[in-house]
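Here are my notes for a first look at this structure. Please read them with the model open beside you.

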Amino acid sequence: MLNYKDETDFDTIKGRLKSDSLNEKIMNGYNSSESTNLKNLFNENGTDKATIHNYHFLYDSLFRVHKDNKINVLEIGVYEGGSLKTWKEYFKLANIIGIDIDPETIFSDDRIQTFVSDQNSQDYLRQTAHNINRNFDVVIDDGWHQPEAAVNTLVTFLPRLNIGGFYVIEDLNLMHYQLFYTELAKLISSKKNFAAAVIDIDALFQVKSLKGSVVLLAHRLPN
Ligand SMILES: C[S@@+](CC[C@H](N)C(=O)[O-])C[C@H]1O[C@@H](n2cnc3c(N)ncnc32)[C@H](O)[C@@H]1O
């Protein structure tokens, strides 16, 4: 298990968080009654984002501004489609794109499209990104949850994140922390207009869940 105090790469990321006060922004935007609506949508659509996890707190506070905007949302990890269907209901005008390695998860619906790809192959991901041919305002990585896969996905889709957009990597505690943070810090250090944070949702919102931490990257306006 990683000892945060001895991990310089993690400190680099934390330093960015301090200067950007991302935590504060999230807390300021937090409104429990509205996040309950998102929680209900998650539960009705059969994703575990508000049962095993407490991600509705974070997601509602970040994404609320985009609820009525014509944005593009990408989630890696389709499974039974519960989160994609939620995003379609939550973001009234958005195009929702899903990626999964399992062809059986593939489906389409009004404003939802899904693609087969493999997070373990950067070439495959690059080809998929080319086929999708969009930039995104929200990207959520809820796929393979291994550091190499997360980094491959980040390398492919971070350049496609619009200004003002958010990139979230879920379920950090499933990762081998050290390798992941080393790679992440390398990637972020060259991206001056991105704020990066490792967020312990449970600590931040004083709730309890099984897998509470995420990495959040926010694409800000150029300095
Ligand atoms: C946790 S489930 C996704 C749950 C979904 N986002 C939800 O909230 O309802 C993880 C998904 O990742 C997919 N997956 C596993 N390995 C993958 C890989 N290498 N590339 C892309 N998808 C992968 C699995 O097939 C599975 O459907």
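Which residue is the bridge partner of Leu-74 in strand 4? Keep that in mind for point 3. This is a predicted model.

1. Overall make-up. The chain has nine helices and seven strands. It holds 223 residues, and 42% of them count as buried. Consider next the contacts between residues at least 6 apart in sequence: 67% of these join residues at least 24 apart.

2. Seven strands form an open sheet, and its order is 3-2-1-4-5-7-6. The pairing is mixed. Strand 3 (112–116) and strand 6 (194–200) are the edge strands. Each of these two pairs on one side only. From one strand to the next, the twist averages 15°. As background, strands of a sheet pair through backbone hydrogen bonds, either parallel or antiparallel.

3. Strand 1 and strand 4. Now the opening question. The bridge partner of Leu-74 is Val-139, which lies in strand 4. Four bridges join strand 1 to strand 4 (residues 136–141), and the two run parallel. Glu-75 stands opposite Ile-140, also a residue of strand 4. Helix 7 (residues 147–157) packs on the sheet. This helix touches strand 1, strand 4 and strand 5 (161–169). The direction of helix 7 makes about 175° with that of strand 4.

4. Strand 1 and strand 2. Strand 1 is also joined to strand 2 (residues 95–100), here by five bridges. These two strands run parallel as well. Val-73 stands opposite Ile-96 of strand 2. Together, strand 1, helix 5 and strand 2 make a β-α-β unit, and the unit is right-handed.

5. Burial of strand 1. Is strand 1 largely enclosed or largely open? Four of its five residues are buried, so strand 1 is largely enclosed by the rest of the structure.

6. Around the ligand. The shell around the ligand has 20 residues. Thr-47, Gly-77, Tyr-79, Ser-83 and Trp-144 come nearest. Two elements give two or more residues to this shell: strand 1 (72–76) and helix 5 (82–90). By type, the shell divides into six nonpolar, eight polar and six charged residues.

7. Tyr-79. Tyr-79 is among the residues that come nearest to the ligand. It sits in the loop between strand 1 and helix 5. Why does Tyr-79 count as partly exposed? Tyr-79 has 18 other C-beta atoms within 10 Å, while a buried residue needs 20 or more and an exposed one has 12 or fewer.

8. Arg-111. Here is another positive phi in a residue other than glycine: the value for Arg-111 is near 70°. Arg-111 is in the loop between strand 2 and strand 3. It counts as partly exposed because it has 16 C-beta neighbours inside 10 Å.

9. Arg-134. Look next at the loop between helix 6 (122–132) and strand 4, where Arg-134 is found. Arg-134 is partly exposed, with 14 other C-beta atoms within 10 Å. What separates Arg-134 from Asn-72 in sequence and in space? They are 62 residues apart in sequence and 7.6 Å apart in space, C-alpha to C-alpha.

10. Helix 4. Eight of the nine residues of helix 4 (residues 55–63) are buried, so this helix is largely enclosed by the rest of the structure. The buried residues are Tyr-55, His-56, Phe-57, Leu-58, Tyr-59, Asp-60, Ser-61 and Phe-63.

11. Leu-38. This residue belongs to helix 3 (residues 32–45). Leu-38 is buried because 25 other C-beta atoms lie within 10 Å. Which residues does Leu-38 contact, leaving aside its neighbours within four places in sequence? They are His-56, Tyr-59, Asp-60 and Tyr-90. In helix 4, the buried residues include His-56, Tyr-59 and Asp-60. Leu-38 and Asp-60 are 22 residues apart in sequence, and their C-alpha atoms are 6.8 Å apart in space.

Methods. Residues numbered from 1 in each chain as written. Predicted model: local features only at pLDDT ≥ 70, side-chain atom pairs only at ≥ 80, totals over all residues. Contact = placed C-beta atoms within 7 Å. Near = placed C-beta within 6 Å. Nonpolar A, V, L, I, M, F, W, Y, C, P; charged D, E, K, R; others polar. Pairing = 2+ DSSP bridges. Right-handed = clockwise from strand over helix to strand, strands pointing away. Axes fitted to C-alpha atoms, helices over the stretch in contact; angles between N-to-C directions.
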